[in-house]
Amino acid sequence: MRSVVSEWPLVVFTSVAPLCAGAWIVTALLALFDVFPEVTLLTTGFTGTFFCLLLAAALACSTLHLGKPAAALRAFMRLGNSAVSNEVFAGVLFVVACCLYVLVSQNLIAAGDMWKIPLAFVAGCAGLFVLFQCLAYRMRTVPTWHSPSFSVEFAVIALLGGVVAEGVILCGGQLGDGTVRQGLVVAEVLCCAAAVFVVHAQGAVVAKNVRRRRDAYRLLEQWNVLGAVRVLAIVAGSTLWAFGMLGASASLTWAITGAALVMAAIVAGRYSFYRFYANVGLPQD
Amino acid sequence: MGKQYGFRVNAARCTGCKTCEMACRDAYQLGETPSFRRVCEASGGTWMQEGAAWHHQVFTYYLSIACNHCDDPVCQQVCPSGAMRKQDDGFVVLDSHQCIGCGSCAFACPYKAPSYSRVLRVMRKCDGCRARVEEGRVPLCVEACPMRALEFGEIDEIRGRHGSQCDVAPLPPGSYTRPNIVITSHRHGCPSDTAQCVLANGKEI
């Protein structure tokens, strides 16, 4: 196995792609329920294009961890049989769906409420992608990745990151009223609590599975430090973000600072995912 | 499926000389690629007080491990490109032309069998010297072992002669992948999943 450093493209991909998926899901929920009049702006123009490009870049980046990036399309060969194939396929489907949606959304919106159907399809693709990502790393010989706490982390990243990203966009564009923002803050608090619980549950899994290693104590010390940093960044970031969202006039600076801290916690979580990988057999140093 | 070949490792005989590893490396010109066969050093024991004196009861034993061509190969299940396949003769073979070098098989394999070649940029692994076996010869590692601690043949025959023990530390319990390997345990051999002995040369293998 290569070192955790060589897996950096996957750290980027598994941090950014679920965030984009979460942003599309949150946007679709806001849009499908007509939460505020300018909601269509979230899926069109700059915002929609930004998330499409970010997602495409993350997907392209993920191929850099392959020995042969040019042969990445062979990852589809076992679609339906390999969890990784399913994840890659769902990711590509999601990118294509949201790019097509952004391209035609202006025309669809002009034609009436028809735009909600393709938007729901894009959100469905995003949900499918997050689901397959949750399942992609579940290997029965890798008890850390096979545990529910590590699997569900992708879904938590998607919702946490999605809510935070949409909040920043609402602040930046001065969109939505106080009720919408309060709703997002409530969602963020729930996601934040879920994320902290996930870090706690992962700690128990790691402690149980590194005990056979000679460097178990050192690894657990590292885990404790990284876990504390993650929890602190999630809580502090969410608090700052909420402060920015709920202020009398929404403060973009606070929201962006909070979002950056939350993103840092997500990246640290993805690093931990690879760093504290534990196999049932011979340790993979 | 027809035949299923497998290895037997006699831990009571293995001295950890690594001749098997070297024979394999030379024959397949592995260069920078980690060895297909690796000699694991398992060690454990402790100090015991007896009156005013302290005695140690430490032990070490060696297990020469390569791909075990498992009946339930997890490497094949996770491979997204279909490069890893269990063949009709029971060998799990990696098609390097199909491999994209994603490393999923290495993450999943509990025996560290697949390794990444930085030069070829694909995974590589033991194929049980399939070409030699087709000619009626035994794999190179078996032929090279000076202690005759390695044995190769049809796994049913080996199990008939030596039993089916394979749950020996530092290897995982065989229930995960059903490996085609029989281990004759060292007198200090510990069961899998024990904390009483650890892999002492983790950086080396």
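## Helices α1 and α4 of chain A

In this predicted model, α1(A) passes α4(A) in a left-handed crossing. The two axes come within 9 Å and cross at roughly 145°. On the α1(A) side, the contact is made by P18(A), A21(A), W24(A), I25(A), A28(A), A31(A) and L32(A). On the α4(A) side it includes K116(A), L119(A), A120(A), V122(A) and A123(A). Further along α4(A), A126(A), G127(A), F129(A), V130(A) and Q133(A) also take part. By class, the contact of α1(A) with α4(A) has 14 nonpolar, two polar and one charged residues.

## Helices α1 and α7 of chain A

Helix α1(A) covers residues 8-32, and helix α7(A) covers residues 153-173. Their axes come within 6 Å and cross at roughly 60°. That angle makes α1(A) oblique to α7(A). The crossing is right-handed.

From α1(A), the contact uses T14(A), P18(A), L19(A), A21(A), G22(A), A23(A), I25(A), V26(A) and T27(A). From α7(A), it uses F154(A), I157(A), A158(A), L159(A), G161(A), G162(A), V163(A), A165(A) and E166(A). Twelve of the contact residues of α1(A) and α7(A) are nonpolar, five are polar and one is charged. P18(A), A21(A) and I25(A) belong to this contact, and they also belong to the contact of α1(A) with α4(A).

## Helices α3 and α4 of chain A

Helix α3(A) runs over residues 83-110. Its axis comes within 8 Å of the axis of α4(A), and the two cross at roughly 160°. Angles over 145 degrees count as roughly antiparallel. Helices α3(A) and α4(A) are therefore roughly antiparallel to each other. Their crossing is left-handed.

In α3(A), the residues that meet α4(A) include A83(A), V84(A), N86(A), E87(A), A90(A) and G91(A). L93(A), F94(A), A97(A), C98(A), Y101(A) and L108(A) of α3(A) join them. Among their partners in α4(A) are P118(A), L119(A), F121(A), V122(A), C125(A) and A126(A). L128(A), F129(A), F132(A), Q133(A), L135(A) and A136(A) are also on the α4(A) side. The contact of α3(A) with α4(A) holds 20 nonpolar, three polar and one charged residues.

## Chain A as a whole

Chain A has ten helices and zero strands. Read along the sequence, its pattern is α-α-α-α-α-α-α-α-α-α. The radius of gyration of chain A is 19 Å, close to the 19 Å that the globule rule gives for 285 residues, so chain A is as compact as a globular protein of that length. Along its principal axes, the C-alpha trace of chain A spans about 60 × 45 × 25 Å.

## Two domains in chain A

Where is chain A divided? Domain 1 takes residues 1-136, and domain 2 takes residues 140-285. Their centres, taken over C-alpha atoms, are separated by 20 Å. The contact takes 23 residues from domain 1 of chain A and 25 residues from domain 2 of chain A.

Which elements give two or more residues to the side of domain 1 that touches domain 2? They are α1 and α4 (116-136) of chain A. α1(A) gives the most, with eleven residues. By class, this side of domain 1 has 15 nonpolar, six polar and two charged residues.

## Chain B

Chain B has six helices and twelve strands. Its radius of gyration is 18 Å, close to the 17 Å that the globule rule gives for 205 residues, so chain B is as compact as a globular protein of that length. The C-alpha trace of chain B spans about 65 × 35 × 30 Å along its principal axes.

Two spots in the backbone of chain B can be picked out. The peptide bond from A169(B) to P170(B) is cis, with omega near 10°. P170(B) is in the loop between α6 (155-162) and β11 (181-184) of chain B. R121(B) has phi near 60°, a positive value in a residue other than glycine. R121(B) lies in the loop between β8 (115-117) and β9 (122-124) of chain B.

## Where the chains meet

How many residues of chain A are in contact with chain B? The count is 30 residues of chain A, in contact with 33 residues of chain B. The side of chain A that touches chain B divides into 14 nonpolar, seven polar and nine charged residues.

Note on methods
Residues numbered from 1 in each chain as written. Chains lettered and ligands numbered in written order. Predicted model: local features only at pLDDT ≥ 70, side-chain atom pairs only at ≥ 80, totals over all residues. Axes fitted to C-alpha atoms, helices over the stretch in contact; angles between N-to-C directions. Helix = DSSP H or I, 4+ residues; strand = E, 2+ residues; numbered from the N terminus. Parallel < 35°, antiparallel > 145°, perpendicular 65-115°, else oblique. Left-handed = near helix turned anticlockwise from the far one by under 90°. Contact = placed C-beta atoms within 7 Å. Nonpolar A, V, L, I, M, F, W, Y, C, P; charged D, E, K, R; others polar. Domains from an automatic or database assignment. Rg over C-alpha atoms; globule rule 2.2 N^0.38 Å.
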